[in-house]
Amino acid sequence: MKKTINIPIGSQHIALLEPVRFKFECENEKIVGVGSDVGFVHRGIEKACTTKFKFDGIGYVVARVCGLCAITHSMTYTASIEKLIGGEITQKAKYLRILLLELDRVHSHMLCLSHTCENAGFEAMFMRIMGDREDIMEIQELITGNRVQFDYISIGGVNRDIDAAQAKNILAKLELLKHKVLGYIDEFTNNWSLSLKFKGIGVLTLDDAYRFNTIGPLARASGLQADVRNEIDYLPYDEVGFNMQTHSDGDINARNLVRLSELLNSIEMCNNILEGLPEGEIFTKLKGKPKGDTVVRFEAPRGELMYYVKGNGSAMLDRVRIKTPTFSSIPAFSHVFMGADYADAPAILASFDPCLSCTAK
Amino acid sequence: MFDFKPIRKKSPWILHYNAGSCNGCDIEILACLSPKYDIERFGVINTGNPKQSDVFLVTGPVTFRSRERLIELYTQMPEPKVVMAVGSCTCTGGVFRDMYNVEDGLDRYIPVDVYVPGCASSPELIIDGLVKALEILESKTKEIEKPFKLFRNETNKDGVVNRRNSALKVGEEIDDEEN
């Protein structure tokens, strides 16, 4: 007689924001086998980038790959086109791009933290973090004019400037937010009920993190020094005070703490940018058509995002390949689920912060 | 019998399904449930169960693989139900129109009552659409509760009562001249 029970999660489930299906094979409470199906939201954006759109509009199309890390997608694509055309953008545009990338990281990490709390059963913390997240959304609306899907980055610079009054307003809001994040760190470190749900659960060891080639906060929570912001030179991350945040435990609690310390680091970077914003133009007109191929990497909120762009000297591109962070982490996801309790599965899944619309494209 | 009508009006439960969206509208729906916009003051709860929901929120242009699940969820919802298409790509296909794996909008598959535009739809727009959806839900409820006849009157010919052909077909209405 068969001893295991199969339990599916998805494709539509209250704990999931997006359609993904996991099939858990359970023996009593323990998970002994995992199967995943991630292709529900495949739309065919890569194909459309080479047949439907010209190269100067694709920056806004690839932003629709994912609503949470939209700005990183358009940033990576724009950087690769700028590399192919061979133009140089102004220092002010580079700083404004970092500002928006970091604000986007802050709101994405806050969403992930609140969702992890909700799936662990802590509804009050979910409401608290979601309420405070609106500060960041207001800042983004102030700078770009839209809350989500702000098409801020274009080839040659950025689309909007910020003035002194806006900068002052944003600095005041970030100062408030910083104190709130310090409050979360206190809560996540010292709350006894949260420790029952988070400490020692869903552990990914450093060896496994190497073996499964994990990236992003998942790898950094296991002690792996993997952050693309440390390795690239398109944007001056070393000038704005970037510090890599790592933790050694590898469990859900470690992932939360890594995200929280990244929040503080991102807020500090935003402060530095706003206080030392260089003078100059925000937009340089770049001429030419992309020719040749290039690979550009950036750090999205979930890990390394890679674009391969190949142009042939005309307005239509030959190939756009998008490698997204969640896609690389799926083997590690399946490994972490093995041996965990089924009751912890939603919280573990939320702590990975999966983005399926990125993965399926 | 217990009267559900006043309760349904005060507290419509929503079912949310992502049919290929970019997550932009999904996080805005989540933001609607958060303290700043707080649609729970209208009694709205996000439920994962189609059999208990009144309003169906769909985001995303319908992809090939999600359409079966979409229709399955729609048919499992009890009447009266209201369908809201949230986001430009759900209304028309938007930027994803004519991509090879996309069905160009929700209304090719299920009837849509409220269209909420925007990429991504802001929470204010979603709340406006939801209030509109509640009006439609109420009118649909009234429509369902209207009494109607299932049978024609029997014919009486020479003292013989004839009930043949008195049952109505589905959707058939009784002419006033007959009765």
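Biologist: Which charged end sits over the ring of A:Phe40?

Modeller: The charged end of B:Arg65 does, 4.5 Å from the ring centre. A charge sits over a ring if NZ of Lys or CZ of Arg is within 6 Å of the ring centre and within 35 degrees of the ring normal. B:Lys81 also lies over a ring face, that of B:Tyr74, at 4.1 Å from the centre.

Biologist: What should I know about the model itself?

Modeller: This is a predicted model, in which local features need pLDDT of at least 70 and side-chain atom pairs count only at pLDDT 80 or more, while totals for chains, interfaces and linings use all residues. Residues are numbered from 1 along each chain as its sequence is written, chains are lettered from A and ligands numbered from 1 in the order in which they are written, and side-chain values use heavy atoms, with hydrogens and water left out.

Biologist: How many aromatic pairs are there over all chains?

Modeller: There are seven. Rings of Phe, Tyr and Trp (its six-membered ring) pair if their centres lie within 6.5 Å; planes under 30 degrees apart count as stacked, over 60 as edge-to-face and the rest as tilted. A:Phe22 and A:Phe24 are stacked, with 5.9 Å centre to centre and 5° between the planes. A:Phe24 and A:Phe337 are edge-to-face, at 5.0 Å and 65°.

Biologist: Is A:Phe337 buried or exposed?

Modeller: A:Phe337 is buried, at 0% relative accessibility. Buried means under 20% relative accessible area, exposed over 50%, partly exposed in between (1.4 Å probe, protein chains only). A:Phe24 is buried as well, at 1%.

Biologist: Now the linings. Which helix of chain A gives the most to the lining of the largest cavity?

Modeller: Helix 4 of chain A does, with four residues. A cavity is a set of points on a 1 Å grid over the protein atoms alone where a 1.4 Å probe fits but cannot get out, and lining residues have an atom within 4 Å of a point.

Biologist: Which residues are closest to its centre?

Modeller: Of the 18 lining residues of the largest cavity, the closest to its centre are A:Leu17, A:Glu18, A:His115, A:Asp353 and A:Pro354.

How values were computed:
1 Å grid on protein atoms, 1.4 Å probe; cavity = no way out; pocket = protein on both sides within 12 Å on 5 of 7 lines; lining within 4 Å. Helix = DSSP H or I, 4+ residues; strand = E, 2+ residues; numbered from the N terminus.
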